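Here are my notes for you, as numbered points. Keep the picture open while you read, and look for each piece as it comes up.

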Amino acid sequence: MIGFSVSTLNNPFFVTLTEGARKAATENNVELVVVDAGDDAAKQTSDIEDLVSRNVGVLIVNPVDSDAVAPAVKSAMSQGIKVIAVDRGVNGVDVDCQIASDNVAGARMATEVSHGSCGRRRQGS
């Protein structure tokens, strides 16, 4: 079983992320339990503790607060649970896998696309 603690399902990015995780779990015949922290760090800590008590083998966490979630994540790892942090890291914890977007590269790509589609004209030419 995989537990997925998402920071909020009120953000379209995280809704899409969750839908993708559910689809991948279904395609691979894996049970996925998704819990929504609702942007509440205390609730997320409780959710993670609950997932651990349910004996998940893998915990995917998208932290509300990278500091606040650290003790619960450390506890999960000490029990042999593999942890994947998504979009945000877990401060002070060396998780098994970190998945994040490269915002600098994304901004560079967006600039290149917008620059190319807008064209360049010089004043006074």
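1. Before going on, some ground rules. This is a predicted model, where local features need pLDDT of at least 70 and side-chain atom pairs count only at pLDDT 80 or more, while totals for chains, interfaces and linings use all residues. Residues are numbered from 1 along each chain as its sequence is written, and side-chain values use heavy atoms, with hydrogens and water left out. Helices (H or I, at least four residues) and strands (E, at least two) are DSSP runs, numbered from the N terminus, and two strands pair if DSSP finds at least two bridges between them.

2. Now the other neighbour of β3. Strand β1 (residues 2–6) pairs with β3 (residues 58–61) in the parallel sense, over four bridges. G3 has L59 as its bridge partner in β3, and F4 stands opposite I60.

3. Zooming out, the protein chain has four helices and five strands. Along the sequence they follow the pattern β-α-β-α-β-α-β-β-α. Of its 125 residues, 31% count as buried (buried is under 20% relative accessible area, exposed is over 50%, and partly exposed is in between, using a 1.4 Å probe and protein chains only).

4. A70, A72, V73 and A76 are its buried residues. They cover an arc of only 165° around the axis, so they sit on the same side of α3; the arc is that of the directions from the helix axis to the C-beta atoms. P71 and S78, on the other side of α3, are exposed. The cover over the buried residues includes α2 (41–53), β3 and β4. After α3 comes G80, with a positive phi near 85°.

5. Which residues touch the most other members of the largest nonpolar core? They are I48, L59, V61, V73, V83, V90 and V95, out of 19 residues in that core. A nonpolar core is a set of buried Ala, Val, Leu, Ile, Met, Phe, Trp, Tyr and Cys residues joined through side-chain atoms within 4.5 Å. At least two residues each come from β2, α2, β3, α3 and β4, and α3 gives the largest share, four residues. V73 is in contact (heavy atoms within 4.5 Å) with I48, V61, V83, V90, V93 and V95, leaving aside neighbours within four places in sequence. Another core, of seven residues, lies apart from it and includes F14, A21, V34 and V86.

6. Is V69 buried or exposed? V69 is buried, at a relative accessible area of 2%, and its place is in the loop between β3 and α3. V69 touches Q44, T45, I48, V61, P63 and V90, not counting residues up to four places away in sequence. V69 and A42 are 27 residues apart in sequence, yet 8.3 Å apart in space, C-alpha to C-alpha.

7. Last, two backbone angles to check. Most residues other than glycine have a negative phi. N29 is not a glycine, but has a positive phi of about 55°; N29 lies in the loop between α1 (12–27) and β2, and is exposed at 74% relative accessibility. D39, also a residue other than glycine, has a positive phi near 60°. D39 is in the loop between β2 and α2, and is partly exposed, with a relative accessible area of 49%.
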